[in-house]
Amino acid sequence: MSRTRQARAVRLGPRSVTALGLVSAVGVVAFGWPFLAPPASTLNAHAQDAPWLFAGLLVLLVAVVAATISESGLGAKAVAMLGVLAATGAALRPIGAGTAGIEPMFFLMVLSGRVLGPGFGFVLGSVTMFASALLTGGVGPWMPFQMLSMGWFTMGAGLLPGPDRLRGRGELGLLAVYGFLAAFAYGTAMNMAGWPFLGELASRVSFDPGAALPENLARFLAYCAATSLGWDLGRALVTVVLTLTLGPAVLRALRRATRRAAFETAVTFEDR
């Protein structure tokens with residue numbers, strides 16, 4: 001049985017893809033520089049200059065979002081849906097704050113990215129984390145990394161195979177597996193963002209600028225296991241459970257709203 005092509009609220013054009021690729025490359029360096037820079041690198045001598053790097057990354061993120069919106073011609077209906085979903089995600093995030101990684105916003109990001117596509121997903125993930133930071137008072141040097149990580153997380157759901165044909169249990173299973181893995185990936189990425197700046201607070205698991213890659217990798221894995229493994233597992237399991245239980249209803253609602261919004265239908269005016 002054939003299915004109609006699923007509408008996308010934001011379609012990535014060449015300029016947006018280029019900008020997103022550049023920011024992602026900068027983001028990879030910003031997250032992974034402790035593993036990319038050799039021990040003798042001068043970068044290790046400037047580890048405490050991180051706030052400047054964070055500020056620069058935030059500027060690039062805003063530029064990418066602006067480029068995506070301007071090139072895609074984001075209409076009023078898409079802006080309204082973006083606002084509703086971002087506000088809902090920001091409101092869901094504090095529900096389980098401090099409780100074993102219970103963060104229900106992640107499943108909403110997965111389903112929204114799946115239905116509305118990678119372009120909308122990146123914008124939604126970034127905007128949701130920004131709104132959440134303002135709502136919870138979580139504005140700090142970690143915020144740009146959260147925005148980029150969640151943008152990647154939500155965009156990835158939009159890049160999963162079978163957006164127009166895969167439905168039912170197969171689609172739910174795919175989204176549940178993706179949500180589980182991506183929840184761990186998000187936690188690992190955020191660990192990488194904060195781990196180099198522990199200093200001497202935790203000498204056995206902190207970043208050592210003079211150590212070789214294998215030693216620092218072992219320290220990082222120990223740090224993840226000691227500080228966030230339980231939290232990441234809780235986030236992943238909650239994402240899977242909510243995807244499998246609430247996923248069918250939420251997917252139907254999002255697809256119905258997308259069809260009614262008719263994002264890709266050109267607006268025409270008739271002469272009278």
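**Helices and a buried asparagine**

Read along the sequence, the protein in this predicted model follows the pattern α-α-α-α-α-α-α-α.

Visitor: How many helices and how many strands are there in the protein?
Guide: The pattern along the sequence is written α-α-α-α-α-α-α-α. In keeping with that pattern, the count for the protein is eight helices and zero strands.

Visitor: How do the axes of helix α3 and helix α4 cross: roughly parallel or oblique?
Guide: Helix α3 covers residues 76-92 and helix α4 covers residues 105-136, and their axes come within 7 Å of each other while crossing at roughly 60 degrees. Angles under 35 degrees count as roughly parallel and those from 65 to 115 as roughly perpendicular, so the arrangement of α3 to α4 is oblique.

Visitor: Which residues, nonpolar, polar or charged, make up the contact of α3 with α4?
Guide: Where α3 passes α4, the crossing is right-handed. The residues of this contact divide into no charged, five polar and 18 nonpolar.

Visitor: Is Asn-216 buried or exposed?
Guide: Asn-216 has its place in helix α7, which spans residues 213-227. Its relative accessible area is 2%, and because a residue under 20% counts as buried, Asn-216 is buried.

Visitor: Which residues does Asn-216 touch, not counting those up to four places away in sequence?
Guide: Asn-216 belongs to helix α7, and neighbours up to four places away in sequence are left out of the list. The residues that Asn-216 then touches are Phe-35, Trp-195, Phe-207, Asp-208 and Ala-211.

Notes: Residues are numbered from 1 along each chain as its sequence is written. This is a predicted model: local features need pLDDT of at least 70, side-chain atom pairs count only at pLDDT 80 or more; totals for chains, interfaces and linings use all residues. Side-chain values use heavy atoms; hydrogens and water are left out. Axes are lines fitted to C-alpha atoms, for helices over the stretch in contact, and angles run from 0 to 180 degrees between N-to-C directions. Helices (H or I, at least four residues) and strands (E, at least two) are DSSP runs, numbered from the N terminus. Angles under 35 degrees count as roughly parallel, over 145 as roughly antiparallel, 65 to 115 as roughly perpendicular and the rest as oblique. A crossing is left-handed if the near helix is turned anticlockwise from the far one by less than a right angle, and right-handed if clockwise. Ala, Val, Leu, Ile, Met, Phe, Trp, Tyr, Cys and Pro count as nonpolar, Asp, Glu, Lys and Arg as charged, and the others, Gly among them, as polar. Buried means under 20% relative accessible area, exposed over 50%, partly exposed in between (1.4 Å probe, protein chains only). Contact means heavy atoms within 4.5 Å.
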